[in-house]
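Please look over the sequence and the model below before reading on.

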Amino acid sequence: MIFYIAFKLAFVLHFIYENINWSIFWSAFSAIGTVSAVIVAYWQIKKQIELSNKQFLFKKRFELLKACHILTNSFGSYQLVIDKDDDYSKMLDINNLVSLTDNEIIEVKLNLLSEIGKENKEKQLEKCFRIPKELSEELSYVFENNKIGPLQIFLQNYSSFLISMSFYKKGMLPGDVGEVKTNFNELYESWEKVQEIAILTSIEKETKIFY
């Protein structure tokens, strides 16, 4: 029985060998090889793109959370010297305000901060003061919106306070210092909220950044 099967198989193979068009066979084999190579290359490129996107996302999240830490700490230092029950005179003291700006995010040191009101420094300062608001907008690109709301509000208030303070010092706000006080209080409340719910720690754990 085994010899019979072997004989039949040998007969079939001999028939195929004698009748097959080898040029077509090798063309088809080559085409299959080419298609396979393209599929493998596509899969490798797709995986590389996915990996690059993940690395970019992780890096961007890391940079934004680091910036948020720096700004929350900067305001924490600033608010320690501000007595909200007095006439807010300490709030507008340049030597205190520099705690909000002399960091690696805003990068406005005392000598530049003291130039508020001078035309040649106006655009530069305003651009720096808007950085926290820009960070707030960037957060929504890399984190889920329902989790970062309080942090975005804090960053927006940070910019609003700095800008209203600079306008007041340039004499561009009508009346007294009321608007600046309001902006300070809103900033303080949003900072307290961020501390209270430990939003930075929560986001870091969830995204495995710093952990």
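In this predicted model, C68 counts as buried because its relative accessibility is 1%, a value under the 20% cut-off. Another cysteine, C128, is buried as well, with a relative accessible area of 14%.

The fold comprises nine helices and zero strands, so that the pattern read along the sequence is α-α-α-α-α-α-α-α-α.

Helix 8, which spans residues 178-196 and contains E189, is also the place of W191. Which class, buried or exposed, does W191 fall into? W191 counts as buried, because its relative accessibility is 13%, whereas E189 counts as exposed at 52% relative accessibility, a value over the 50% cut-off. The C-alpha atom of W191 is separated by 9.9 Å from that of Q79, although the two residues are 112 residues apart along the chain.

| Residue | Relative accessibility | Class |
|---|---|---|
| C68 | 1% | buried |
| C128 | 14% | buried |
| W191 | 13% | buried |
| E189 | 52% | exposed |

The exposed residue E189 also belongs to a negative surface patch, which E189 forms together with E186, E192 and E196. Helix 8 thus carries E189 of this patch as well as the buried W191.

Note on methods:
Residues numbered from 1 in each chain as written. Predicted model: local features only at pLDDT ≥ 70, side-chain atom pairs only at ≥ 80, totals over all residues. Heavy atoms only, no water. Patch = residues over 30% accessible without salt bridge, like charges linked within 9 Å, V, L, I, M, F, W, Y side chains within 5 Å. Areas by Shrake-Rupley, 256 points an atom, 1.4 Å probe, with all protein chains shown as cover. Salt bridge = Lys/Arg side-chain N within 4 Å of Asp/Glu carboxyl O. Lys, Arg positive; Asp, Glu negative; His and termini not counted. Charge placed at Lys NZ, Arg CZ, Asp CG, Glu CD. Helix = DSSP H or I, 4+ residues; strand = E, 2+ residues; numbered from the N terminus. Buried < 20%, exposed > 50% of the residue type's maximum accessible area, 1.4 Å probe, protein only.
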